[in-house]
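Work through the exercises below with the model open. Try each task before you read its solution.

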There are 2 protein chains.
Amino acid sequence: MQNKPTAEPAGADQDIEDLGLVDGLAQLSFLVQGALGKVAAEHGLSVVQLRLLGVLRDRTPGMQELAHHLGLDKSSMTGLVDRAERRDLVRRTPAAHDRRSFLVSITPAGQQLARQCEALASRRILDLTAHLTEAQRGHLALLASALVNHHTTI
Amino acid sequence: MQNKPTAEPAGADQDIEDLGLVDGLAQLSFLVQGALGKVAAEHGLSVVQLRLLGVLRDRTPGMQELAHHLGLDKSSMTGLVDRAERRDLVRRTPAAHDRRSFLVSITPAGQQLARQCEALASRRILDLTAHLTEAQRGHLALLASALVNHHTTI
DNA sequence: TAATTTAATTGGTGTCACGAACTAAGGAGT
DNA sequence: ACTCCTTAGTTCGTGACACCAATTAAATTA
């Protein structure tokens, strides 16, 4: 997931080693997570908190639902939301029809922070792709979207 | 980083929303990290440990160097290598020319575990891209490689 | 040799993740 | 109504991780 395997015959553009799909995506994900991590850190957040805010931009799910969406255990959510709530980034609202459950929503402060992080993240991720051509960036965006869409739709 | 922005005019293939480069890559990275996390978990590892083994497949760096490569603080490395060493996945060898430093290398057990995880990770990541065409997979691999190569070369 | 830099560790704090056990509320079935 | 079971969320205990600041020991420089 991290090494440079046997070099390919000859790179078309420059000396680009084809890492293969698996290593390529794995390492790409580390790069992106690193970038997001830095952005989050600059605002005193963790990647998970940042992701939480991102999720809540257009949703107001219950704890359970949120846990499922983030791929976390429900017990992990309690602490996550607790910490975010303590910073006034997020709010728990009693659900209308079920006195056991809460709806988690983002606060104005949370929205503002999220927007700041987004802007920064955009710049950082664009930096990551700075050496790609505009066409390549577009292509990459489409391929990533295609992949992601499929797996969030399901 | 997580929402579905304004839909594009009309998807070429199917109803693919273009998330844009930033959201697309961010969400893709979450998917990939999730997949790697599951693979690691199935073998009692964390993503970081798995990555550590990956790095050591073709390197024998010092602690410092390793920390830099993983983007971690040197103090984080001590614990990381400690835990891996405790499981006999990794070994500290005194460096030849500097009695302060150690070279970290992977053990046979570590290599074996790494290979198992690689195989599993390959399958899982291929599953992620199952609905892409072979050409798209190839393209994605090349774009990811181009991006990654640039940022590990620098 | 003395002063500085470097490699790594230690100790302290906080985040995050999980599983197991628990509380409280909703629903089923009788 | 009244058990029985499921569901939503929390609590508790444990461990991995990550950082910073401070420390030790070796190497380097002056």
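**Exercise 1. The contact between the chains**

How many residues of chain B are in contact with residues of chain A? Then find the elements and residue classes on that side of chain B.

Solution. Keep in mind that this is a predicted model. Start with the count: 53 residues of chain B are in contact with 53 residues of chain A. Next, look for elements that give two or more residues to this side of chain B. They are α1 (20–42), α2 (47–56), α5 (108–128) and α6 (134–153) of chain B. Last, sort the residues of the side of chain B that touches chain A: 26 are nonpolar, 19 polar and 8 charged.

**Exercise 2. The relation between the copies**

Solution. Finally, compare the two sides of the interface. Of the interface residues of chain B, 100% are also interface residues in chain A, so the copies meet through the same surface.

**Exercise 3. The nonpolar core**

Which residues have the most contacts inside the largest nonpolar core?

Solution. The largest nonpolar core has 86 residues. Leu36(A) and Leu36(B) have the most contacts inside it. Take Leu36(B) and leave out residues up to four places away in sequence: it touches Ala26(A), Val47(B), Leu50(B) and Ala121(B).

**Exercise 4. The surface near the DNA**

Which residues come nearest to DNA strand C?

Solution. There are 23 residues around DNA strand C. Ser46(A), Asp73(A), Gln64(B), Ser75(B) and Ser101(B) come nearest. Chain A supplies α2 (47–56) and α4 (74–86), and chain B supplies α3 (63–70) and α4 (74–86). With 5 residues, α4(A) gives the most. By class, the surface near DNA strand C has 6 nonpolar, 10 polar and 7 charged residues.

**Exercise 5. The build of one chain**

List the elements of chain A in order from the N terminus.

Solution. Chain A has 6 helices and 2 strands. Their order is α-α-α-α-β-β-α-α. Of the 154 residues of chain A, 38% count as buried. Now turn to the record: UniProt, in an unreviewed entry, places "domain: HTH marR-type" at residues 18–149 of chain A. That span is 69% helix and 8% strand, and its end C-alpha atoms lie 25 Å apart.

Key:
Residues numbered from 1 in each chain as written. Chains lettered and ligands numbered in written order. Predicted model: local features only at pLDDT ≥ 70, side-chain atom pairs only at ≥ 80, totals over all residues. Contact = placed C-beta atoms within 7 Å. Helix = DSSP H or I, 4+ residues; strand = E, 2+ residues; numbered from the N terminus. Nonpolar A, V, L, I, M, F, W, Y, C, P; charged D, E, K, R; others polar. Core = buried A, V, L, I, M, F, W, Y, C linked by C-beta atoms within 7 Å. Buried ≥ 20, exposed ≤ 12 C-beta atoms within 10 Å, placed from the backbone. Near = placed C-beta within 6 Å. UniProt positions renumbered as here; feature names shortened; annotations may be inferred.
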